[in-house]
Structure formats: structure tokens, C-alpha cells
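Dear colleague,

I am passing on the structure we spoke about, and my notes on it follow below. Please read them with the coordinates open beside you.

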Amino acid sequence: MGEGLFNECAIAFVPSSSLTPKSISELSSILEDNGAEIVEPRRNGTVAIDKVTHIVSNTIDFQQYTESQAVMIPVVTTHWITASVSKRRVAQVRPFSPDPRLIFAEVVVSCADLPVTDKESILGAVMALGGQETKDVNKLTTHVCALSMDHPKVQVPLSKGWKGKVVLPHWFDDCFKLGKRIDETPYLLPDPEIMKKTPEDALDIPVNDNLDGATSPNPQWLPLPPDGDVARPPCTVFQGRKVLLGADLNITPRLTKAVRHIIVNGGGKMVDSVDDCDMYIGQYRDGEQYVRAAQSCKDVGNLSWLYYLIVQNSWTSPFRRLLHYPTPRDGIEGFRGLRITVSNYGGEARIYLENLIKACGAEFTKTMKADNTHLVTARDSSEKCKAAPEWGVAVVNHLWIEESYAKCQMKPINIQKYNHFPHRTNLGEIIGQTFLDEGKLKELYYPGGEAELTGSAKRKRKILEAAEDNAYHNGPADGVVVAQRAEDVDEDVLMTEDAENSPPKKKKAAPAPVETPVRTRHVRSGKENDTPSVMSTGGRSAKAKARDMLQNIAPDIALYEKEKKRSSKAATTPFGGKRAADLAEKQRLAEEEAKEKKAAEKEKTKEDDSAKRPNKKARPSLPDVEMRIILTGFTRWVEDKNKEDVDRRKLRDLGIQIVQEGQPCDYLAAPHIVRTVKFLCALARGPEVISSTFIDAALETGTLPPVNKYVLKDKDAESRYNFKLDKSVGRAKANRGRLLQGVAVYCTETIKNGPQSYRVIAEANGAIFKIYRARSGTTIKPTTAEQDGGAPPDPVYLLSGVSADERHMWPRFREMAERGHMEPRIVAPDWLLDVAMAQQVRYDPKFAVETFRQKE
């Protein structure tokens with residue numbers, strides 16, 4: 001393998017649960033050895049799209065995926081790197097896309113005894129959906145398509161230990177018809193299940209991971225932490241994000257408070273205005289807040305999406321899962337009045353379909369009756385399926401209801417894939433793989449609004465439109481980018497982030513074309529004109545009751561009026577006639593005058609008391625917290641608690657809150673770069689690092705100085721510790737506290753300064769930290785290289801000093817690591833400090849404890 005294999009490639013990595021910083025460090029070394037340029041994250045943790053030729057990510061769940069598709073930057077999995085190195089040439093990018101809509105990505109197929117037309121059809125479709133073809137079977141071939149095991153293309157590789165799968169062509173055919181990749185197990189030769197069993201034979205209901213946290217659009221409770229015995233870890237997915245909870249959310253104040261705490265503790269902020277937010281959480285696809293947020297290209301999702309982000313602590317688009325986006329209040333047009341039931345789906349899939357049917361506006365029924373209109377089934381064999389044709393009930397699979405909801409319109413049921421049921425497959429295994437169509441959503445629910453967009457929103461809208469123009473619009477790969485760079489993607493799409501938040505430019509007034517103004521709220525009443533409704537104050541039954549009551553008391557009213565007119569000549573008669581009426585009237589007037597006089601006296605007394613007693617001084621309200629700062633190495637308040645309290649109050653009045661270690665922060669302030677526990681733990685969360693002179697300036701001037709003038713610069717420390725602070729901050733934002741995820745770090749109990757400070761630093765960066773006492777038993781499971789799939793051993797670290805007791809533990813530690821197929825590395829504690837400071841998993845032999853102590 002010669003130098004320069006990747007010499008024309010500038011490559012960026014996106015960390016995720018399946019691509020840890022440790023793996024990124026190892027792959028970066030391989031790429032750099034072969035001539036590639038590794039593009040580090042920007043200071044805010046994002047990928048510099050304008051500087052890269054490839055993005056390596058094992059998932060499409062990152063915020064810049066759509067932007068990469070808009071400008072045609074290929075996103076590939078880590079297998080692209082290994083395939084390129086093994087072939088000694090840069091591999092094609094399409095077969096290594098992480099997009100799940102390319103259903104045959106990483107499938108390498110070779111055809112054996114098939115007719116020429118069938119072979120060409122299969123290979124053409126496989127390559128269109130992300131797969132590859134090989135003429136001869138080799139170690140990279142994953143599938144051989146054959147009709148029997150007798151062909152030499154099957155026998156020869158198997159005799160040489162080939163580990164791939166031999167499948168019938170029926171598998172490819174069923175996958176093409178559905179547009180989804182189903183499990184190939186029933187199609188495997190030499191004993192394919194589809195040839196032995198009938199469709200009526202029993203089949204287990206599959207488990208599906210696509211529906212985790214996405215079965216209901218409006219969950220009723222907040223999910224518990226992964227481990228109920230411990231506190232919820234910080235949800236760093238909200239780092240630097242501004243979240244608005246919509247007015248249409250039906251959640252309790254207690255739940256609102258809990259959600260607010262989680263977001264703030266993760267480094268985010270809660271806001272009250274759509275214009276200020278990055279993420280809008282709402283229940284329905286209507287209302288001023290939803291329309292404004294969607295038109296401005298904010299991230300719009302529902303409670304289910306918010307809870308998914310909290311539980312997974314990783315980003316996903318709300319368009320990725322159907323029930324992560326606000327639902328239409330009146331359902332999808334055409335579904336009102338339908339009665340739909342479900343068969344052959346179980347567990348979460350059944351709950352998901354029930355909620356999806358209701359979201360479409362149809363009625364879900366648990367049992368099937370003659371008045372049902374549709375049966376959604378995962379197989380065409382059940383009692384409901386047999387009865388449906390006799391009762392005139394349409395039988396479809398779940399793809400019909402999913403794609404109708406995704407496209408915001410009822411799809412015809414006579415399309416082939418909605419009526420296709422593979423004999424030995426329960427279609428529950430491919431449920432939840434349909435994406436929402438953002439273009440259809442905009443067309444129906446939030447059209448227009450371009451004139452009021454900010455610079456950032458205009459940029460996002462252009463990115464979305466360019467990505468849509470570059471994509472397929474039909475077939476199984478609907479939404480996958482395949483075209484050349486869109487012609488209308490100009491430099492505005494790639495403008496720097498400094499210009500993103502600029503207000504819309506003012507243009508000279510031009511005569512506007514005569515057109516019907518677009519309504520701000522999507523209303524689908526079905527009427528040409530909207531007639532204003534008049535609210536009635538009562539129903540007909542109330543009026544009838546009042547009329548009956550008046551009729552019953554009418555004789556008494558007439559008698560009273562007659563009695564009022566009668567005059568009484570007898571002076572001794574106290575009551576009756578006009579005298580009684582006048583007396584009653586005088587008494588009523590006297591009582592009213594007495595009440596008014598008493599109320600006036602009481603009011604006067606209150607006024608006198610208030611004049612004598614001075615008003616309470618109103619307590620000034622504190623401004624909102626604009627900056628959360630962690631201070632370290634700050635000497636202004638040393639041994640002067642009173643001054644610290646006074647200064648803290650002054651800072652709080654300016655919107656600055658000094659927070660403690662472990663709390664969410666926006667800034668880390670220090671006089672210079674220091675390797676303190678507080679500095680290293682705070683750095684893991686990716687705050688902006690500023691000079692502590694910013695605090696001095698704020699206290700002296702009584703105003704907020706421009707923070708960009710106080711970015712910490714310390715060239716001497718950067719040279720001494722061999723790192724760049726701005727790169728470390730960018731990596732930390734991208735890593736989000738997961739730098740050492742999956743890395744085991746052991747520490748001796750008698751290490752200098754104690755193990756507790758190292759525990760805090762390691763766990764702040766996501767490491768597995770354990771105290772090593774060299775006692776009997778092992779904490780690493782014995783494993784062989786074969787059990788690890790032939791992968792090289794992972795390193796395991798022991799932080800240790802050079803005392804006699806610690807040296808005595810080294811041989812046992814090495815033995816334990818090697819038995820677990822791991823590489824033991826006994827290092828000085830400075831290795832952990834170096835890794836935490838650089839925010840990069842790296843190892844230099846100089847940190848080996850024997851070498852390091854000798855140098856000291």
C-alpha cells in the first residue's frame with residue numbers, strides 16, 4: 001500500500017454511539033498515514049462542510065446531514081475506510097451510505113445459475129439501492145444468489161471457508177416489491193423455509209427497534225433514567241439549544257418543571273418566543289406558533305420527539321419517525337369516517353398503528369365487524385384476513401397507512417406493495433421505516449412566509465430545497481440524494497455562521513403583484529367562504545323551560561299588579577294596596593342608602609390609613625441569566641468571602657451567574673490554561689473558554705463587555721501540553737461528554753493525590769472508571785481473539801504510581817487484560833490529564849509509568 005491513497009480527501013468525523021471518539025482517533029491515524037487531511041470540528045462542534053470532501057458517520061442522525069446532501073458531500077460509514085484500504089484504492093461512496101433508505105447498502109452480491117434477464121434485473125436493482133456486484137465470489141462478497149447449492153460459484157467458496165449467505169432470487173424480488181429489506185433467513189439455501197412451509201403455518205411476531213420511543217405522539221409521562229437508582233445524566237443533546245414548549249401542549253406544571261430542569265441541566269435554555277428558539281415542541285400542525293416556527297425552519301417536533309432526545313441523548317430528525325412530528329388536528333383528508341382494524345401485529349407495533357390510524361383521522365377498532373372499511377395486516381393468513389373479502393373489507397399492509405400519513409394524502413390501495421405479503425415474513429419487522437415528506441408538509445400546513453425570514457432561516461430553507469431537488473422522488477429510495485449539485489445553490493447556502501443571524505435585508509419597495517394573500521393558519525373546512533359564527537347564549541330546551549315557568553306564575557303576577565292599584569281608606573290598615581307598595585319601596589330605598597353610606601365610610605378609612613402608612617419598596621426583579629460561568633484559578637476572592645458575595649450579586653444584576661462544578665455552563669473562565677479538576681471537567685462539556693479578566697472588566701464597568709474580546713489565549717501552555725485550545729473546544733462540543741465512551745480506566749487505590757479527582761475527570765468524559773486492588777477474581781471477562789471476531793485487542797488503562805505496592809499489582813493487571821483479549825497500558829495519571837485537555841483519545845509511550853517517572 002503506497003502513500004497518498006487518500007491524498008485528495010479532506011475527511012470529517014461525526015461522533016455517535018456507534019462511532020466513539022476512541023474509534024475516530026484510531027481511524028484518523030490510518031487516514032493520515034495514507035495522505036488524508038482530517039478536518040477538525042469548528043469551535044461550536046459542527047462540521048466545516050465547506051472544507052471537507054467526505055463525512056464519516058455510521059448514522060444519518062446528525063444535524064448537518066441535510067446540509068451535506070444539499071451540497072453533495074458524501075456521507076459514508078467507517079466500512080468505506082476499511083474497504084478502500086483493503087482494495088488499495090478509494091472505494092465508491094454509494095454502497096457505504098448510512099441512509100437506511102438505501103436498503104442494499106453494504107450488500108455485495110454475485111449471481112450463479114440464473115437466466116440472463118433475471119440476473120441483470122437483480123443486479124441493476126441492487127446497485128440502484130446501494131449494493132455492489134462481484135463477478136466472482138471473494139471475501140468481500142456477502143450474498144450469492146442461486147437456485148441450488150450445486151453451482152461451482154457456491155461450492156468452491158464454501159470449500160475455502162467463505163462466510164457469506166446463499167439466497168434464492170425470491171428474496172430480492174420480495175424486497176423490490178416492498179421497497180424494504182426483509183430478513184433473508186426464510187430464503188437461505190440449502191433448506192429455504194419458503195419452500196417447506198405454507199403461509200398458514202405459525203410465525204413468530206418480530207421485535208422491532210425502529211419504534212423505540214415513537215409509538216405515541218403524545219406520551220403521558222416522562223421516561224425514567226436508564227438506571228432508576230441513579231440521577232439522570234446531563235442531556236448534552238440540548239447543549240447550546242433554545243427550546244420553546246408550545247401553548248397547545250397539554251402537560252401539567254409539574255411535568256413542565258421537570259422538562260425545564262432536564263433541558264437546562266443539559267446546557268440548553270427555555271425561551272418564550274418563537275423567534276428566539278431553535279426547537280419548537282407542539283402537539284398540532286396549526287396555530288401561529290407552529291406556522292411561524294416551521295416557516296422559519298426551526299426544528300419542530302412533539303413531546304414524543306423531545307422524550308426520545310432525552311432518553312437517547314443523541315440527535316435525530318423529527319422527520320425520521322412519523323409520530324415524532326405534530327399531528328394534524330383534523331387528520332388526513334379522506335380518512336374521516338373510515339373504520340380500520342389491525343391483525344398479526346403485536347406489542348409496540350400494534351400500539352403504534354392504533355395511534356397512527358387515529359392521527360390520520362380514522363376510527364380504530366379492536367375487533368373486525370361488517371362495518372369496517374380496512375384491515376391492516378402483517379400477513380395474509382388470519383381469521384380476519386379470511387373474513388375480510390366476504391365482508392367487503394379492503395386488506396392492506398402497514399405501508400399504506402404509513403405512506404398516506406407521510407405524504408399527507410390518502411394513497412390508493414391498489415398499489416402492489418400495499419397488497420404484497422411474503423409467505424414466511426411478518427411485515428412487523430419493517431414497520432416504522434417511513435420518513436415524513438417535508439415538502440408536502442410545507443405545501444399543506446405552512447406555505448409562504450419567505451418575506452419575513454431572517455438570514456439564518458433563508459439559508460436553512462435553501463438547504464432544504466436543494467436537498468429535495470437532489471433527491472429521488474419515486475421508488476424505494478424516495479428522498480435519497482442522487483443528483484448533481486443543484487444549480488440554484490449559491491454561496492448563500494455555504495455562508496459563514498457569523499452572517500446567519502443577520503436580519504432580512506431591506507429592499508426598495510416594488511409594486512407588488514395582485515394576488516390573494518396566504519392565510520397564516522391552515523384551515524381545511526371544505527367551504528369556499530367562511531361564515532362568521534354567532535355564539536348562542538342558550539339552547540332551545542332552556543328557552544322552553546323559561547316559558548313554562550312564566551306561564552305558571554302569570555296569575556300571581558296579575559294579582560300583585562291589581563293589589564298595587566287598590567287604595568285603602570282605613571287608616572288602621574297597615575298593609576294592602578298602594579300604601580303597602582309605597583311602604584315596601586321606601587324600606588328598600590332606605591336599606592340601599594344605608595349600605596352606600598357604610599361603604600363610603602369604609603373606603604375613606606382605608607384611604608386615611610394608606611396615607612399614614614408608607615408604601616413598601618418594590619423589590620427589583622433580577623434580569624434573566626444570559627451567561628453561566630465556571631471560574632477556576634481566580635484569585636480576586638481568595639480569603640475574602642464578603643467581597644465574593646458582593647461581587648456575585650453585582651454580576652447577577654448584569655445577567656451573569658457563577659455556577660459550581662458539575663452544573664451546566666456556557667463559559668469557562670480562567671486567568672490562563674490550568675490543569676485543575678474543575679477546568680478539565682468543565683472543558684468536557686464544550687463551553688467557550690474565556691479569560692477571567694472578563695469578570696474583572698464587568699465588575700469595574702458595571703456593564704457586560706463584548707465576550708469575543710476575552711477569548712482565552714495561552715500559547716505557552718498550548719505548546720507545553722501539545723494541544724490547541726480552540727480545537728479542544730470544538731472536539732468537546734462534538735463529543736458531548738463521550739470522549740472516553742467505552743474506554744476502561746482503572747486506578748490504584750494508593751495513587752498520589754488519591755483516585756477521587758481522577759474518577760471525576762474520567763467520568764466527566766464518559767469513561768468506565770474502576771479502582772484496581774489486584775484481588776482474586778477479574779473485572780474483565782476472559783475472551784479469545786476468535787470470540788472478538790478477529791478484531792485487534794482494545795487498550796485498557798491503569799493509572800498508577802511507582803510505589804512498591806503499586807508495582808506489585810502490575811503483573812496481575814497485565815494478566816487480567818491479556819486473558820480478556822485487551823492490551824494493558826500502565827500509565828502515569830498525566831495521560832488522563834493530557835487526553836482530557838486535548839479532548840482526543842491519544843496515547844504516547846512517554847506516558848508509560850516506568851518511562852514517565854524516570855524522566856521526572
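At 61% relative accessibility, lysine 715 counts as exposed, because the cut-off for that class is over 50%. Lysine 715 belongs to helix α21, which covers residues 715-721, and on the surface Lys713, Lys715, Lys724 and Lys727 gather in a patch of positive charge. Please bear in mind throughout that this is a predicted model.

A patch of negative charge is also found on the surface, where Asp272, Asp276, Asp624 and Glu626 gather.

As for the protein as a whole, it has 856 residues, of which 45% are buried, and it contains 26 helices and 24 strands. Among the contacts with a separation of 6 or more, 69% are between residues 24 or more positions apart. The accessible surface comes to about 46,600 Å², and carbon and sulfur atoms account for 51% of that area.

Helix α6 (residues 169-178) is a part I followed in some detail. Its buried residues are Pro169, Trp171, Phe172, Asp174, Cys175 and Leu178, and these pack against β5 (108-111), α4 (116-128), β7 (143-145), β8 (165-167) and α13 (398-406). After α6 comes glycine 179, which has a positive phi, near 75°.

Arginine 736, in the loop between α22 (725-735) and β21 (744-748), has a positive phi of about 50° although it is not a glycine; with a relative accessible area of 22%, arginine 736 is partly exposed. Glutamine 839, which is likewise not a glycine, has a positive phi of about 55° and is found in the loop between α25 (830-838) and α26 (849-855). At 2% relative accessibility, glutamine 839 counts as buried, because the limit for that class is under 20%.

How values were computed. Residues numbered from 1 in each chain as written. Predicted model: local features only at pLDDT ≥ 70, side-chain atom pairs only at ≥ 80, totals over all residues. Heavy atoms only, no water. Patch = residues over 30% accessible without salt bridge, like charges linked within 9 Å, V, L, I, M, F, W, Y side chains within 5 Å. Areas by Shrake-Rupley, 256 points an atom, 1.4 Å probe, with all protein chains shown as cover. Salt bridge = Lys/Arg side-chain N within 4 Å of Asp/Glu carboxyl O. Lys, Arg positive; Asp, Glu negative; His and termini not counted. Charge placed at Lys NZ, Arg CZ, Asp CG, Glu CD. Buried < 20%, exposed > 50% of the residue type's maximum accessible area, 1.4 Å probe, protein only. Helix = DSSP H or I, 4+ residues; strand = E, 2+ residues; numbered from the N terminus. Contact = heavy atoms within 4.5 Å.
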